Amino acid sequence: MTSGSSLTPAIYTDLIAAAEPLVERGLATRDGIVIEGQSGDGGTVLAAAALRPDLFRAVLAEVPVADI
């Protein structure tokens with residue numbers, strides 16, 4: 001998967017790339033994937049949801065490092 005920016009850290013696109021096959025294989029639906037992260041991972045889930053808001057139903061970012 002490629003993003004619109006070459007500055008997008010791979011961890012954000014890796015999370016998206018892990019979720020996409022779940023939808024493609026019928027193991028999950030776009031309105032059923034919830035992602036959660038704390039601290040640095042909170043920033044990761046926020047960034048992934050910002051890049052692909054159509055892919056995740058909800059995001060729980062607990063005490064996120066969110067200066068992304």
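Val63 counts as exposed because its relative accessibility is 71%; the classes are buried at under 20% relative accessible area, exposed at over 50% and partly exposed in between, computed with a 1.4 Å probe and protein chains only. The model is predicted, so local features need pLDDT of at least 70 and side-chain atom pairs count only at pLDDT 80 or more, while totals for chains, interfaces and linings use all residues. Residues are numbered from 1 along each chain as its sequence is written, and side-chain values use heavy atoms, with hydrogens and water left out.

Val63 is found in the segment after β2 (58-62). Helices (H or I, at least four residues) and strands (E, at least two) are DSSP runs numbered from the N terminus. The chain has two helices and two strands, and these elements run α-β-α-β from the N terminus on. The phi of Val63 is near 45°, a positive value in a residue other than glycine. Ser39 also has a positive phi without being glycine, near 55°. Ser39 lies in the loop between β1 (34-38) and α2 (40-51), and with a relative accessible area of 40% it is partly exposed. A glycine with positive phi occurs just after α1, where Gly26 takes about 80°.

For the chain as a whole, 28% of the 68 residues count as buried. Its accessible surface comes to about 4,300 Å², by the Shrake-Rupley method with a 1.4 Å probe, where for residues only the protein chains shown count as cover. Carbon and sulfur atoms account for 55% of that surface. A contact means heavy atoms within 4.5 Å. Among contacts between residues at least 6 apart in sequence, 55% join residues at least 24 apart.

Which residues form the largest nonpolar core? The nine are Ile16, Ala19, Ile33, Ile35, Val45, Ala48, Ala49, Leu55 and Phe56. A nonpolar core is a set of buried Ala, Val, Leu, Ile, Met, Phe, Trp, Tyr and Cys residues joined through side-chain atoms within 4.5 Å. In soluble globular proteins, nonpolar side chains tend to be buried together. Two or more residues of this core come from each of α1 (10-24) and α2, and α2 gives the most, with three. Leaving out residues up to four places away in sequence, Ile35 touches Leu15, Val45, Ala48, Phe56, Ala58, Val59 and Leu60.

Helix α1 has 15 residues, and at 1.5 Å a residue it should span 21 Å, which agrees with the 21 Å between its end C-alpha atoms; the expected span is 1.5 Å times one less than the number of residues. Tyr12, Thr13, Ile16, Ala19 and Glu20 are buried in α1. They cover an arc of only 125° around the axis, so they lie on the same side of α1; the arc is that of the directions from the helix axis to the C-beta atoms. An α-helix has 3.6 residues a turn, so residues three or four places apart point the same way.

The buried residues of α1 pack against α2. Thr44 lies in α2 and, at 9% relative accessibility, counts as buried. Not counting residues up to four places away in sequence, Thr44 touches Ile11, Tyr12 and Leu15. Arg52 lies in the loop between α2 and β2 and counts as buried at 15% relative accessibility. The side chain of Arg52 makes a polar contact with the side chain of Glu20 at 2.4 Å. A polar contact is a pair of N or O atoms within 3.5 Å; within protein, one must be able to donate a hydrogen and the other to accept it, and residues adjacent in sequence count only if both atoms are side-chain atoms.
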